[in-house]
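I opened the model to look up a few points on helices and packing. My entries follow.

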Amino acid sequence: MISQSFNRYGDRLWPTTGQHGADIARQRLDALDLAALRHALARVESGEPGHAIDLGGGSGMQALRFASLGLSTTLIDQLPAEAVCWHGSALAGLLPLHHVSVDVHELRDDDLPNDVTLLYSQRFLHYLRFDDAVSLLRRLRGCCNSNVRCFVSVSGLQSELGEAYPHATRPVRDRFAPLASGMASRHGISAPVCLYRPQDLHALAHEAGFKVVAMSESPFGNLKAEWVGADQA
């Protein structure tokens with residue numbers, strides 16, 4: 001069941017797995033979503049589009065948007081096929097879309113596309129321990145085009161999710177715990193999370209082989225960033 005709005009944006013608790021919060025992409029576009037779509041369109045218009053990955057994208061609404069622009073797109077999310085927004089749609093058969101239904105800890109090399117020019121992950125990486133997020137992103141970096149652009153967001157330690165968060169004072173490598181019970185119930189997040197400070201997100205990019213070229217904090221307190229490959233000028 002979809003709840004009443006639970007934040008200042010008017011988002012409703014449209015569930016994903018039942019443990020990992022609301023599927024925000026089905027409800028609205030934010031500035032990072034729009035930046036990623038502009039990049040997707042630019043790749044298609046360049047004549048060398050490459051491939052997009054929507055990592056932890058829930059029902060895949062943003063993946064569908066990328067593919068609708070003509071960019072070959074892989075959604076990686078553990079939701080089953082029937083939970084994906086294009087499931088059963090005739091339109092999906094006309095678009096360059098692929099869904100890999102897998103827990104990212106079990107991701108295989110042959111699940112991944114080559115020549116990735118756009119890597120997108122909103123509201124997912126905080127569900128991994130920091131070192132696991134580094135390892136996953138390093139694997140993805142190996143699939144990326146030299147001109148890859150990444151659009152990444154994580155829940156911030158200074159957001160309301162950080163209220164009474166039990167690991168707030170721990171270093172990021174040791175920071176992985178459930179939210180305080182009231183906050184977990186409000187947001188539909190029962191899985192443990194690693195909440196980020198800006199310097200933690202910089203460290204994640206650096207250790208995974210990327211560099212941050214833009215970062216902002218949402219009014220809610222979450223962190224949104226654009227990365228490129230560490231070897232890009």
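Which residues in helix 3 meet which residues in helix 5? I listed the contacts (heavy atoms within 4.5 Å). Phe130, Ala133, Val134, Leu137, Arg138 and Arg141 in helix 3 meet Asp200, Ala203, Leu204, Glu207 and Ala208 in helix 5.

Basis. This is a predicted model, in which local features need pLDDT of at least 70 and side-chain atom pairs count only at pLDDT 80 or more, while totals for chains, interfaces and linings use all residues. Residues are numbered from 1 along each chain as its sequence is written, and side-chain values use heavy atoms, with hydrogens and water left out.

Whole chain. I find five helices and seven strands in the protein chain; helices (H or I, at least four residues) and strands (E, at least two) are DSSP runs, numbered from the N terminus. From the N terminus, the order is α-β-α-β-β-β-α-β-α-α-β-β. Of the 233 residues, 54% count as buried, where buried means under 20% relative accessible area, exposed over 50% and partly exposed in between (1.4 Å probe, protein chains only). Of the contacts between residues at least 6 apart in sequence, 63% join residues at least 24 apart.

Helix 3 and helix 5. I looked up the geometry of this pair. Helix 3 (residues 130-141) packs against helix 5 (residues 198-208) at about 45°, with the axes 8 Å apart. That makes helix 3 oblique to helix 5; angles under 35 degrees count as roughly parallel, over 145 as roughly antiparallel, 65 to 115 as roughly perpendicular and the rest as oblique. The crossing of helix 3 past helix 5 is right-handed, that is, the near helix is turned clockwise from the far one by less than a right angle.

Asp231. I placed Asp231 in the segment after strand 7. Asp231 is exposed, at 60% relative accessible area. The side chains of Asp231 and Arg141 are joined by a polar contact of 3.1 Å (a pair of N or O atoms within 3.5 Å, one able to donate a hydrogen and the other to accept it). Gly209 is 22 residues from Asp231 in sequence and 8.3 Å away, C-alpha to C-alpha.

Helix 1. At its N-terminal end I noted a cap by Asp30, with a side-chain oxygen 3.0 Å from the backbone nitrogen of Leu32. Among the buried residues of helix 1 are Leu32, Ala36 and Arg43. The buried residues pack against helix 2 (61-68), strand 4 (116-121), strand 5 (144-154) and strand 7 (223-229). Just after helix 1, Gly47 has a positive phi of about 85°.

Technical notes: Axes are lines fitted to C-alpha atoms, for helices over the stretch in contact, and angles run from 0 to 180 degrees between N-to-C directions.
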